[in-house]
Amino acid sequence: MLESLAFTFGTREILKKFIAEHPDRKLVLLANSAGDDEGLQLLDVSGQPSLFKAGLNYQTQLHQGASDWQGFYHFSYFKFDHDTADVFDAKINRLAASVPPHGMRAMYVLTKEKDAGSYLLLTIWNDSQDYLLWRDTPAFEPLKIYATSANHFHSASYHRVSASETK
């Protein structure tokens with residue numbers, strides 16, 4: 001299991017240069033769902049100490065599914081107090097113990113390296129349609145209550161791009 005995940009954001013040129021300078025790392029380049037050059041993200045899925053200065057370093061608490069880093073990515077960020085985190089952990093463990101929703105390739109539950117109350121739920125899907133369909137199923141209901149401003153919730157969707165595809 002991948003123990004840690006780090007990521008950063010940048011322009012096409014900066015991220016392409018970083019990828020070229022670190023051929024020993026397993027790096028995944030993502031573009032936001034809007035497909036613009038402003039929304040590029042680079043994941044370091046090597047499990048090695050982060051080379052990024054952004055401070056977006058997470059520890060894996062739970063992983064279910066594939067480890068091939070292919071598909072449609074949905075990131076959900078939360079900030080929990082201790083009690084809420086315990087309840088969330090129990091619900092996400094039940095979800096992980098059940099049959100994965102149709103089209104879900106992988107699920108990662110991560111906590112920020114220097115702030116255990118900051119959670120990232122990363123789900124990877126065959127495509128965006130599978131994710132959107134899941135959001136309307138009873139299986140998603142236990143998680144819906146966490147998608148509020150009280151939990152500092154925000155989310156973003158991405159798809160993988162190749163460094164050679166970039167301009």
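**View 1. Surface and overall dimensions of the predicted model.** The accessible surface of the protein comes to about 8,600 Å², and carbon and sulfur atoms account for 53% of that area. The model shown here is predicted. Taken along the principal axes, the box filled by the C-alpha atoms is roughly 40 × 35 × 30 Å. Of the 167 residues, 45% count as buried. Among contacts between residues at least 6 apart in sequence, 75% join residues at least 24 apart.

**View 2. Order of helices and strands.** The protein has 4 helices and 8 strands. Along the sequence they follow the pattern β-α-β-β-β-β-α-β-β-α-α-β. The radius of gyration is 16 Å, close to the 15 Å that the globule rule gives for 167 residues, so the protein is as compact as a globular protein of that length.

View 3. The 8 strands form a closed barrel in the order S1-S3-S2-S8-S5-S7-S6-S4, and their pairing is antiparallel. On average, neighbouring strands of this sheet are turned by 35° against each other, direction ignored. Helix H1 (residues 12–21) packs on the sheet and touches strand S1 (4–10), S2 and S3. The direction of H1 makes about 20° with that of S3. Helix H2 (residues 82–97) also packs on the sheet, where it touches strand S4 (57–65), strand S5 (72–79), strand S6 (104–112) and strand S7 (115–125). The direction of H2 makes about 160° with that of S6.

**View 4. Strand S3 and its two partners.** Strands of a sheet pair through backbone hydrogen bonds, either parallel or antiparallel. Strand S3 (residues 40–44) is joined to strand S2 (residues 27–32) by 5 bridges, and the two run antiparallel. Within S3, Leu 42 stands opposite Leu 29, and Leu 40 stands opposite Ala 31. S1 and S3 also pair in the antiparallel sense, over 5 bridges. Here Gly 10 stands opposite Leu 40 in S3.

**View 5. Burial of strand S3.** In S3, 5 of the 5 residues are buried, so this strand is largely enclosed by the rest of the structure. Both faces of S3 are covered. On one side lie Leu 40, Leu 42 and Asp 44, and on the other Gln 41 and Leu 43, all of them buried.

Notes: Residues numbered from 1 in each chain as written. Predicted model: local features only at pLDDT ≥ 70, side-chain atom pairs only at ≥ 80, totals over all residues. Heavy atoms only, no water. Pairing = 2+ DSSP bridges. Axes fitted to C-alpha atoms, helices over the stretch in contact; angles between N-to-C directions. Contact = heavy atoms within 4.5 Å. Rg over C-alpha atoms; globule rule 2.2 N^0.38 Å. Buried < 20%, exposed > 50% of the residue type's maximum accessible area, 1.4 Å probe, protein only. Areas by Shrake-Rupley, 256 points an atom, 1.4 Å probe, with all protein chains shown as cover.
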